[in-house]
Protein chains: 2
Amino acid sequence: MNRPIRPTPPPRHRARIKMADIAQMTGLSTATVSRALAGSSRVRPATRAQVEAAALAAGYTVNRVAANLRLQASYAVLVLLPDVSNPFFADVLAGIDQVAHEAGYGILIGHTGNDPAREDHHARQYLTGSVDGLILVNGHLPASLVAAQRSSEPAAPFVAVSERLRDHRVPTVGIDNGLAIATAVEHLVALGHRRIAHAGGPLGNILTEERLRGFQEAIVRAGLDPRHTPVRHGDFAIPAGEAAADRLLAGRRPPTAIVCASDHIAIGAMRAARKRGLAVPRDLSVVGFDDIPFAAAFDPAISTVRQPRFAMGAAAMRLLLDVLAGRTPDPDEIVLPTELVLRATTAPPGD
Amino acid sequence: MNRPIRPTPPPRHRARIKMADIAQMTGLSTATVSRALAGSSRVRPATRAQVEAAALAAGYTVNRVAANLRLQASYAVLVLLPDVSNPFFADVLAGIDQVAHEAGYGILIGHTGNDPAREDHHARQYLTGSVDGLILVNGHLPASLVAAQRSSEPAAPFVAVSERLRDHRVPTVGIDNGLAIATAVEHLVALGHRRIAHAGGPLGNILTEERLRGFQEAIVRAGLDPRHTPVRHGDFAIPAGEAAADRLLAGRRPPTAIVCASDHIAIGAMRAARKRGLAVPRDLSVVGFDDIPFAAAFDPAISTVRQPRFAMGAAAMRLLLDVLAGRTPDPDEIVLPTELVLRATTAPPGD
DNA sequence: TTGTATGCGTTATCAC
DNA sequence: GTGATAACGCATACAA
């Protein structure tokens, strides 16, 4: 049991002014003050103005905690991110934020660092009142939610983005990873490449598996010899890409193109190529995945698979709003289209 | 007045189990259940075990909203970020997170998008109970906090990181921007550069001004001719860096080195150089600022000023803990050391 | 060691 | 259109 630690005794800084104070100042009841502040139509305009003036003068703001307790809702959702620094998430967040804002919801971001304990902590902590729902971005299903979801009870208020959850029926928005990779492979094949490698993500990851399968199927469809289409796995980061490419390029007949599972991997692959004196794209073509902002800034600018990040976030929030409103989302799995962005890292094979 | 919009009526999904239920299940009072769950020493071990078993079986978790209302504290802090995607913030967050975690606090992240309205919204919304304090990272002082801070009242529970707040006495942790830039200039001077330019951040920004001043003072100290040390301003992003360098390099006697106010600006500057057929560092030396993760991955690897991001976050959280504990932080302005990281974008001038 | 009762600051129901 | 009051779920002072 992880027991809440209560650290320092909470020393109040300055008695916060409350609704009763405003009521007293205006000579009204808290009921009327509440109604006026909430924008109820059942309060005389003059009264409302008076209340608003008093609140402004006193610097009063409704205590959300008390209101939430009474309302049994917070109009806020928690977005669980494994790693806030990943530029991939920025636009997803923006999409979530926009839809949430329009619907009168606020968003909070929880950083889990891929730590299941953190995920669980956040989920437990905030799902008991502080937020109305959860959006899981590329994360795992917090353990405390698994139990709830396993039973055939009404859907808990959460949805997943990007990474489909294994073995759980959770509303999800994502992309067709297999198709996206296949598009990249087909582009390289059309360019004349016959020895195409894949630098994939971590094994065990669903995205990795979908991309790997898409790669292999595209290779088969193109009639390429699987012996010349090697695959290496690592995580999604730069060093892993460099390591993967190091090994991929070390063979007797190295690939002329590498399809990567992330832009970071692509950057690592280009480092490896450079070390060997290989020029991109002349000696080696590289395709990334995600189209992070840096992809276009890199030298050479990276050809990559663009994910509709903003739309993914927006769709996820809409899904969550459905769940929160008690509707069962239909469809509950949304697949958004990707786009192959051709820049400067792909060219016909040199030899 | 921005009146709270209350969107859909909050349909409860499933009557949440509460402490009274656990009390009933165990035949104890809610008081004892509460004590057992809170880890009070004044409860018999057997009783505690019984309560924990029941809670576990029922999947019960304490309702934080109710507890917070009662405790008048949430043991959570809100970190306000202008832009979650900026890789600069990741380590700062990690530093905050670690110290917070050790002290029994949780952190929530608010994304403001540099929108004062958002900042204010977050500040008001969450400072009324949902969180105990605020950490402003590189942001502005939310309007609703300005009033509180202006008066000579006890410090409101918030601190600032990175960007010093103008005209307000707020505990702050940052770096010596002027010194940092000066170090870069001195390095270039030692290399033999005499025509050094500065591609700065947005005017009006405190960081920009400190860096600019540091640049100019270092130039004077080195005895360089100010006519050969031009300055351009833009925002901190890549395109601005490219534009600035475009103009800087267009003169009759262009600079042989550019000191940039961010790594992004440096990347933009290198694009501009490339367009003109200038090789970095042979024809142009470039120094960035921040040492974002990409700086080392870039080709060529960027020489840059490293900020102690993790330490900055950790120090900020410690400062906030002081304020939350009712202590007046001393010192209330912490300046952490930077480090010039030499990589592959600086060399003696070519001509 | 445990139970009873009260209040944290709101909002909603019901009177008026 | 406004006021009194109960209830949201929990933690603690006080009693036992």
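First, the conventions. Residues are numbered from 1 along each chain as its sequence is written, while chains are lettered from A and ligands numbered from 1 in the order in which they are written. As the model is predicted, local features need pLDDT of at least 70 and side-chain atom pairs count only at pLDDT 80 or more, whereas totals for chains, interfaces and linings use all residues.

I start with chain A as a whole. Its secondary structure comes to 13 helices and 12 strands; helices (H or I, at least four residues) and strands (E, at least two) are DSSP runs, numbered from the N terminus. Along the principal axes, the C-alpha atoms of chain A fill a box of roughly 90 × 45 × 45 Å.

How much of chain A counts as buried? The figure is 49% of its 351 residues. Buried here means that 20 or more other C-beta atoms lie within 10 Å of the residue's own; exposed means 12 or fewer, partly exposed is in between, and C-beta atoms are placed from the backbone. Of the contacts in chain A with a separation of 6 or more, 72% are between residues 24 or more positions apart. A contact is two residues whose C-beta atoms, placed from the backbone, lie within 7 Å.

Now to strand S8 of chain A, residues 257-260. A:Ala257 and A:Val259 point one way, A:Ile258 and A:Cys260 the other, and all are buried. S8(A) pairs with strand S6, residues 196-200, in the parallel sense over 4 bridges; two strands pair if DSSP finds at least two bridges between them. S8(A) also runs parallel to strand S9, residues 285-290, joined by 3 bridges. A:Ile258 takes part in both pairings: it is the bridge partner of A:Ala197 and stands opposite A:Val286 in S9(A). With helix H11, residues 263-275, S8(A) and S9(A) make a right-handed β-α-β unit. Right-handed means that, with the strands pointing away from the viewer, the path from the first strand over the helix to the second runs clockwise.

Next, the sheet in chain B. Which strands form it, and in what order? There are 6, in the order S7-S6-S8-S9-S10-S12, making an open sheet with mixed pairing. Strand S7 (231-233) and strand S12 (339-341) of chain B each have a single partner strand, so one side of each is left without a neighbour in the sheet. From one strand to the next, the twist averages 20 degrees. Axes are lines fitted to C-alpha atoms, for helices over the stretch in contact, and angles run from 0 to 180 degrees between N-to-C directions. Within the sheet, S6 (residues 196-200) and S8 (residues 257-260) of chain B are parallel over 4 bridges, with B:Ile196 opposite B:Ala257. Helix H8 of chain B, residues 177-191, packs on the sheet and touches S6, S8, S9, S10 and S12; its direction makes about 165 degrees with that of S8(B).

On to the DNA. Around DNA strand D there are 29 residues, the closest being A:Ala31, A:Thr32, B:Lys18, B:Met19 and B:Ala31. Near means a C-beta atom, placed from the backbone, within 6 Å. Elements giving two or more residues to this surface are H2 (30-38) and H4 (64-71) of chain A, together with H1 (19-26), H2 (30-38) and H4 (64-71) of chain B. H2(B) has the largest share, 6 residues. In H4(B), the buried residues are B:Arg64, B:Val65, B:Ala67, B:Asn68 and B:Leu69.

Last, the backbone. Most residues other than glycine have a negative phi, and most peptide bonds are trans. A:Asp291 has a positive phi of about 60 degrees, and B:Asp291 has one near 55 degrees. A:Asp291 lies in the loop between S9 and H12 (293-297) of chain A, and B:Asp291 in the loop between S9 and H12 of chain B. A:Asp291 is buried, with 25 other C-beta atoms within 10 Å; for B:Asp291, also buried, the count is 24. Cis peptide bonds join B:Asp299 to B:Pro300 and B:Asp330 to B:Pro331.
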